[in-house]
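Work through the following exercises with the sequence and the three-dimensional structure at hand.

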Amino acid sequence: MEVALKATGINKVFHDAADLQVLKNVSLEVKTGEFVSIVGKSGCGKSTLLYVLSTMDTDYEGSLELNEVKVTGKSLNELARIRNESIGFVFQFHYLLPDFTCLKNVMIPALRLGKLSYKEAEEKAYEKLKMFGVEDQALKKANKLSGGQQQRVAIARALINEPTIIMGDEPTGNLDSKNTGIVFDLFQKLTKEFGQTIITVTHDEDFAKRSDRIIEMADGEIRSHGH
Amino acid sequence: MKISVNTEIALTYLSARKKQTAVASLGVMFGISMFIFMQSLMKGTNDYFEKMSFNSTPHIRLYSENKVADTHMLTSYLTDPSVKILTNPKQLIQSQGLTNPYGIIKEIQRNQQIANVTPQVTADVIYTSGSVQINGNVAGVNIDQEDKMFDVQSNMLVGDLHDLNRVNNGLLIGKGVADKLSLHLGDNITVTSGTGSPTIMKVVGIFATTVKQIDDTKSYANIVQAQNLLGKDRSYVTDIKINLKDYNNAPQVAREIETLTGYKAEDWVKANEQLKAAFKIRAIILNSVIGVILLVAGFGIYNILNMTIYEKIKEIAILKAQGFSGPAVTSIFLQQAIYIGVMGGLVGITCGFGITYMVSRIYIGAGTLKYLPMSFYVPHYIEAICFGILTTIAAGFFPARKASKVDPVTIIRG
């Protein structure tokens, strides 16, 4: 199996009041098509790790490879391009742009990437919304939707560019059990049917248990790789 | 037309807060329309005053000036190389006239930059009518050329200036002279110069300039009449008045003519130094007012964009997480500034034109000045648009750069 993500010897120190090492020599590998959950207590560094893996946080030591290409040391603009093309994000809060319609929100990353024409992007965005059962909300402003619907639109947005890796920071943290179920089933479908890789940080034990692999963290170190 | 996603986001942000956008554009609009109005007013009045000064002053006046005695004569007499010292030198009286004036005129006319040349005989005189006498001066001119150069016709109240060529001993007098001596068209007036004999002349026209001093003293006569008044011959000419194709070259051409003829050539800039100073002061005042207005407009845009960025910081973070690079984010916010600038600018030049047009219809009615002199000068409008857009870019640049530097991790993690 191909390796979607490989991190080697990641160290990260926060320099706030006193130096605090939040990640201690973390190494991990995620295969293409895997559904991985990262769990651990608050403050164990799991979110910090996710943001390092996401390429958004560049202030770390160690090396990171995405799809077997080393990304550590690339410029911010190159990283932005990589995120645009091959990483999709789902956050605890939906972070949709309230001034735009749901359809536009989903389209924006595709338009940014520029591989599809406007019309193609529109069709694809609609198709993604349909996949999550929110196609009838497509032309509403993002802030007019319910929380569950918003999160589904946000996931559709994360998927528009067919990223190889989808990262979630508590993607179900704000959802009721019904919506959590829907999201989980979709994630599973993505890995099984479309071969996309999913890495999520979660507090939700049920959610974690149902994923392919659980990585446990404590005090900035990986306690268990779940193999 | 295909618009980029950055443009689309910028436009959506602008239309999402129409009120703020309108206020920011209004600031720019106000700045630009004031810019155009003030520039038009300034150029209009400057042009007017320049034209006014050229109604009485030629671009270059060539005349003979008294000189301070120098050692020139001693040198030609004492040919030995001794040092000559002249103590207490005095002004030497030169002949008031120019030697061989028509030869000089021919010579001057060879210069490509010259548009018109005309000789003049100036005579200080006393006007007498009945028992009243007043001092004044007669300008002996070729009235056709004089009119071509100084638009005498526009100052005429009554009479025909061409009568100077037709009526023997004809005289055009200023309104002040006419009032003081209660003279009317066709009346006789006695004119006496210092050197000639008193001559009875006939009023063939009355003129009024905006300068009271001129109206109270000046009169025009045929150049031959003026020579007769002074008891001089036909080659006697006191001034040669020269107009150029471009009056801005006057100082340089004046120097050339001075070298060529050896007489004093005074250009209009020297003759009207106070006018130039007034132009400069006006320019400084108006430009600082415009500068302040544009600065305020710029701060308006800066503020609004800054506020937008604070409000949208999460959205900026999310855009960056989705792969919008720093330059893309800069482009989104800078574009907003530019659209505000372009909108304000376009409305501004329309308003500026409107204000300028309306003000140009305000009746003043002082002297020959009927309406406020406003200029409609296309480069002002181009300048205004450029200034407006430059201001908005400068005002938008810092907020946009700040937005591009938003760190998505800190914002998203809270």
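**Conventions**

Residues are numbered from 1 along each chain as its sequence is written, and chains are lettered from A and ligands numbered from 1 in the order in which they are written. Because the model is predicted, local features need pLDDT of at least 70 and side-chain atom pairs count only at pLDDT 80 or more, while totals for chains, interfaces and linings use all residues.

**Exercise 1. Describe the overall form of chain B.**

Step 1. Count the elements: chain B has 16 helices and 14 strands. Helices (H or I, at least four residues) and strands (E, at least two) are DSSP runs, numbered from the N terminus.

Step 2. Consider the extent. The C-alpha trace of chain B spans about 105 × 65 × 40 Å along its principal axes. Its radius of gyration is 33 Å, whereas a compact globule of 414 residues would have a value near 22 Å. This radius is taken over C-alpha atoms, and the globule rule is 2.2 Å times the number of residues to the power 0.38.

Step 3. Divide the chain. Domain 1 comprises 5–53 + 275–413 and domain 2 comprises 92–237; such bounds come from an automatic or database domain assignment. The C-alpha centres of the two domains of chain B lie 54 Å apart.

**Exercise 2. Trace the open sheet of 4 strands in chain A.**

Step 1. Write the order, which is 2-1-4-5 with antiparallel pairing. Two strands pair if DSSP finds at least two bridges between them.

Step 2. Find the edges. Strand 2 (19–31) and strand 5 (69–70) of chain A each have a single partner strand, so one side of each is left without a neighbour in the sheet.

Step 3. Follow strand 1 (residues 3–15) of chain A, joined to strand 2 of chain A by 9 bridges. These two strands form a hairpin with 3 residues between them. A:Leu5 stands opposite A:Val30, and A:Phe14 has A:Leu20 as its bridge partner. Strand 1 of chain A also pairs with strand 4 of chain A over 5 bridges, with A:Lys6 opposite A:Glu65.

**Exercise 3. Trace the open sheet of 6 strands in chain A.**

Step 1. The order is 6-7-8-3-9-10, with mixed pairing.

Step 2. Strand 6 (87–90) and strand 10 (221–224) of chain A stand at the edges, each with a single partner strand, so one side of each lacks a neighbour in the sheet.

Step 3. Strand 3 (residues 35–40) and strand 9 (residues 213–218) of chain A run parallel and are joined by 5 bridges. Here A:Val36 has A:Arg213 as its bridge partner.

**Exercise 4. Describe the side of chain B that touches chain A.**

Step 1. Count the residues: 20 residues of chain B are in contact with 22 residues of chain A.

Step 2. Find their sources. Helix 1 (5–16), helix 13 (313–321), helix 14 (326–360) and helix 16 (408–413) of chain B each supply at least two residues of this side. The largest share, 5 residues, comes from helix 13 of chain B.

Step 3. Sort the residues of this side of chain B: 10 are nonpolar, 5 polar and 5 charged. Ala, Val, Leu, Ile, Met, Phe, Trp, Tyr, Cys and Pro count as nonpolar, Asp, Glu, Lys and Arg as charged, and the others, Gly among them, as polar.

Key. Two residues are in contact if their C-beta atoms, placed from the backbone, lie within 7 Å.
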